[in-house]
Amino acid sequence: SMDTIPRFGTETPHEAKLAELMDNIDAWGLNIFDVHNYSQSHSLTSVMYTIFKKRNLIETFRISPQKLINYLVTLESHYLDVPYHCSIHAADVTQAIHVLLLIPSFENTFTDLEILAALFAAAIHDVDHPGVTNQYLINSDNELALMYNDTSVLENHSLAVAFKLLQNEDCDFIENLSDEQRKILRQISIDMVLATDMSKHGAIMQTIQSFHQSLKAKQCKDSNSNSSTNDSLVLTEQKERVQLLREMLHCADLSNPTKHLSIYTQWVDRIMDEFHYQGDRERSAGMPISPMCNRRTADIEMAQIGFIQAIVEPLWQMWAQLVYPHCQQMLDNIDSNRQWYEYQISNRSSRNNTSDKTTSQSHDSKEQDKLKG
Ligand SMILES: COc1ccc(C2=NN(C3CCN(C(=O)CN4C(=O)CCC4=O)CC3)C(=O)[C@@H]3CC=CC[C@H]23)cc1OC
Ligand SMILES: [Mg+2]
Ligand SMILES: [Zn+2]
């Protein structure tokens, strides 16, 4: 019954602190690491449950709260204890897409079912991620690469695991959706999660420019009719709305550099840990070591500047243009974060041997610790 379900979906002795944090559920500045700590490591369950309650999705889709919790706790337990692609990343991306869906430009854009599908896709998008890249799974003849014919291996696997969990009677929180609604939810989730494969990034960047121009053209036509919703994008085709949701999840998945430095540097530590563990395995297997995966030659600051310049900034600039002025904070954070990493590089004492290099690197991470407060 309702009274057995805690306010944020999970039992915690820190409910008051969690309530304080959840007051920021609609804000880009939510500290997901604090949520993880005060929810007894149930950030994904508590964030998803809080968003579902806030968006009235439990009533709209006649969801059993208990089955929703059962699904979320089971999904969360199927995220592995890897440094970056763990349940905190899923919670982070889910909360990010929730905030992006709140942008006024989208006030009248998506149906409740599309919003349900988008949040579901974000929550499941990396479940059971083993902490290595698709390329590593392919190069090491992993069972998963065999299963998915080297094609979006991790993304296909996460989708299959997530939908398998739904088949459990106690976890089927979408039992009251019609067959047509379940079909649409599955279709949109598959489309969105497959689009988080970075090998699709180029294709997304190709189409985003012309797609957004066509949307802006339609938008200003609406504004000529001086309708009250002149800010919001109205897309008549479900295909176009799904394309926007695909881009939105990709943006959320690439949102670390758009966050405050103290949060961003924690994600950098985690992804570099994950990449370096992969590099260690590649080295000991005599395989070529993947980009950014060699801890012995790593230049963490350069990798971030390259990641921001090559991937994150171009994508977020396209996105910010579409929803101007609602994503300026993200662009500002990207800029100041890039400048911070450039400053770290300009600040380096000239290193002439590895021991110096190791010392100063540990010094840098102490710098970052200070930033974390
Ligand atoms: C916080 O910091 C990061 C967070 C996530 C990722 C991801 N990275 N990737 C690809 C790795 C290979 N790629 C590149 O090398 C891109 N690139 C250049 O071309 C120049 C420098 C540079 O980085 C593309 C992204 C993933 O596939 C991960 C999984 C999905 C999304 C992003 C993740 C990388 C980060 O910091 C480098
Ligand atoms: Mg992924
Ligand atoms: Zn991800």
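This is a predicted model: local features need pLDDT of at least 70, side-chain atom pairs count only at pLDDT 80 or more; totals for chains, interfaces and linings use all residues.

Residues are numbered from 1 along each chain as its sequence is written, chains are lettered from A and ligands numbered from 1 in the order in which they are written, and side-chain values use heavy atoms, with hydrogens and water left out.

**Salt bridges overall**

- Searching the whole structure turns up 17 salt bridges (a side-chain nitrogen of Lys or Arg within 4 Å of a carboxyl oxygen of Asp or Glu).
- Glu313, Asp335, Arg338 and Glu342 are joined up in a network of salt bridges.

**A link between distant parts of the chain**

- Glu114 and Arg241 meet through their side chains in a salt bridge, with 2.8 Å from N to O.
- This pair ties together distant parts of the chain, 127 residues apart: Glu114 sits in helix α7 (residues 112–124) and Arg241 in helix α13 (residues 238–253).
- Helices here are DSSP runs of H or I with at least four residues, numbered from the N terminus, and strands are E runs of at least two.
- Glu114 and Arg241 are both buried (under 20% relative accessible area; exposed is over 50% and partly exposed is in between, using a 1.4 Å probe and protein chains only).

**Two other pairs**

- Asp197 bridges to Lys200, with the closest N and O atoms 3.9 Å apart.
- Asp197 counts as buried because its relative accessibility is 7%, while Lys200, at 33%, counts as partly exposed.
- Asp280 and Arg283 form a salt bridge at 3.1 Å, N to O.
- They're three residues apart in helix α14 (residues 261–284), so about one helical turn separates Asp280 from Arg283.
- Asp280 is partly exposed at 24% relative accessible area, and Arg283 is partly exposed too, at 23%.

**Two helices packing**

- Helix α5 (residues 65–77) packs with helix α10 (residues 153–166) at an angle of about 145°, their axes 10 Å apart.
- Those axes are lines fitted to C-alpha atoms, for helices over the stretch in contact, and angles run from 0 to 180 degrees between N-to-C directions.
- On the α5 side, Tyr71, Thr74 and Leu75 meet Ala162, Leu165 and Leu166 of α10 (contact means heavy atoms within 4.5 Å).
- The residues of this contact split into five nonpolar, one polar and no charged (Ala, Val, Leu, Ile, Met, Phe, Trp, Tyr, Cys and Pro count as nonpolar, Asp, Glu, Lys and Arg as charged, and the others, Gly among them, as polar).
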